[in-house]
Amino acid sequence: MKIEQTKIQLIHNPTAGAEEHEAEHLLEMLKSSGYRCNYASSKKKILKKIATDVKYITVAGGDGTVRKVILAMLDKKLKFKRPIAILPLGTANNIASSLKIEENLRLNAESWKKEKLQKLDIGVAKTRKDEEHFIESFGFGLFPALIKWMDEQPRAESEEPEDEVKQAHNALLHLTKHYEPLKASLLYDGKEVNDEFIMIELLNISRLGPKLQLAKADPGDGMLELVAVRAKQRPILIKYFEDIVAGKKPVFPIKSIPINQIKIALETKDIHVDDELKESKLHTWIVDVLPNMVDIVLTS
């Protein structure tokens, strides 16, 4: 008796990964693993139409592609909602790594048959005029500065992803030594904290930026992890990045705080939303969580 193949919608970033991650190779791998695929490039209009018999939306790409697909799906009607299966092809793959998703693509695809799902929250940050949704993190200070610095650096075509990660680690060490602190007021859990900070992050997952694990975050618990590094803690952070650059694997030295909502007031135009640098003229943000918005297919 012929076993019917599971139908999936594959959304693929054609510029991510190596030669074996090209569309024809991915489609062949998925076919041999028991799937029928509808293919779409992430460079075009995604999720224009999802067939009713599609079981999973499979995203082959890095964190930016995963974010693009999830946010596009949330803009659609309920008929577009499907669990997301991730084939990590990016440089950092922070979302997949935080969820312990298998890097071996064939093993990854085979594991979808177990139908093990994880709820994923979406973070939302608001001012009076702006609203930003994030999957990974939202923050001020060092990481917007890092994104700005990396955007200004020429990238050689032959540069390996790991070289880019090491470059970012060295840049963070330099920025940590020299970054001008931000005066900020944080209001959460009924208490107010006023201080100078070199980094303020709200994490929905455990990892951020160039493969750095900054917290033990559960992306489906309805909470965010606040990582706030005060100016007086600069030496601790410098030591952490020195160890990273030296090839060690230190534990992030500043404990995160679980919160479900925070009000942040500070004077800076630079923010980051996941891996994107943005500017805002308003300086008071309310950050909270939209719980259990998406199902992610786990591999273990």
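Two strands pair if DSSP finds at least two bridges between them. In this predicted model, strands S8 and S9 pair in the antiparallel sense over seven bridges, and within that pairing Leu187 stands opposite Glu192 in S9.

**Strand pairing around S9**

- Strand S7, residues 137–141, runs antiparallel to S9, and five bridges join the two.
- The bridge partner of Met199 in S12 is Val229.
- S8 and S9 form a hairpin with two residues between the strands, and Asp189 takes a positive phi near 50° there.

**Strand S14 and its partners**

- Strand S8, residues 182–188, and S14 run antiparallel and are joined by four bridges.
- Leu186 has Ile264 as its bridge partner in S14.
- S14 also pairs with strand S17, residues 284–297, in the antiparallel sense over five bridges.
- Gln261 has Asp288 as its bridge partner in S17.
- In a regular strand the side chains alternate between the two faces of the sheet.
- Strand S14, residues 261–266, has a covered face made up of Ile262, Ile264 and Leu266.
- The uncovered face of S14 holds Gln261, Lys263 and Ala265.

**The largest pocket**

- The largest pocket holds about 1400 Å³ of space.
- Its lining consists of 47 residues, and Gly90, Thr91, Ala92, Glu164 and Asp275 are those nearest the centre of the pocket.
- Helix H2 (63–74), helix H5 (142–151) and helix H6 (161–178) each contribute at least two residues to this lining.
- H6 provides the largest share of the lining, with six residues.
- By class, the residues lining the largest pocket are 16 nonpolar, 17 polar and 14 charged.

**The second largest pocket**

- The volume of the second largest pocket is about 710 Å³.
- A set of 26 residues lines the second largest pocket, of which Lys211, Gln213, Tyr240, Ile244 and Pro250 lie nearest its centre.
- At least two lining residues come from each of H6, strand S11 (212–213) and helix H7 (234–245).
- H6 gives the largest share of the lining of the second largest pocket, namely five residues.
- The lining of the second largest pocket has twelve nonpolar, five polar and nine charged residues.

**Residues with a positive phi**

- Most residues other than glycine have a negative phi.
- Lys100, which is not a glycine, has a positive phi near 55°.
- Lys100 belongs to the loop between helix H3 (94–98) and helix H4 (105–111).
- Lys100 counts as exposed because its relative accessibility is 63%, where exposed means over 50%.
- Asp189 likewise is not a glycine and has a positive phi of about 50°.
- Asp189 lies in the loop between S8 and strand S9 (191–203).
- With a relative accessible area of 57%, Asp189 is exposed.

- Gln9 is located in strand S1, residues 6–12.
- Gln9 counts as buried because its relative accessibility is 7%, and buried means under 20%.
- A polar atom of the Gln9 side chain lies 3.3 Å from the backbone oxygen of Asn38.
- Not counting residues up to four places away in sequence, the residues that Gln9 touches are Asn38, Tyr39, Ala40, Lys49, Ile50, Val54, Tyr56, Ile57 and Thr58.

- Gln233 sits in the loop between strand S12 (224–230) and H7.
- A polar atom of the Gln233 side chain lies 2.8 Å from the backbone nitrogen of Arg230.
- Leaving aside neighbours within four places in sequence, Gln233 is in contact with Ala228 and Ile254.
- Leu107 is part of helix H4, and it is exposed, with a relative accessible area of 51%.
- Leu107 and Thr299 are 192 residues apart in sequence, yet their C-alpha atoms are 8.2 Å apart in space.

Conventions
Residues are numbered from 1 along each chain as its sequence is written. This is a predicted model: local features need pLDDT of at least 70, side-chain atom pairs count only at pLDDT 80 or more; totals for chains, interfaces and linings use all residues. Side-chain values use heavy atoms; hydrogens and water are left out. On a 1 Å grid over the protein atoms alone, a cavity is a set of points where a 1.4 Å probe fits but cannot get out, and a pocket is an open set with protein on both sides within 12 Å along at least five of seven lines; lining residues have an atom within 4 Å of a point. Grid points are joined across faces, edges and corners, and a volume is the space filled by probe spheres set on the points. Ala, Val, Leu, Ile, Met, Phe, Trp, Tyr, Cys and Pro count as nonpolar, Asp, Glu, Lys and Arg as charged, and the others, Gly among them, as polar. Buried means under 20% relative accessible area, exposed over 50%, partly exposed in between (1.4 Å probe, protein chains only). A polar contact is a pair of N or O atoms within 3.5 Å; within protein, one must be able to donate a hydrogen and the other to accept it, and residues adjacent in sequence count only if both atoms are side-chain atoms. Contact means heavy atoms within 4.5 Å.
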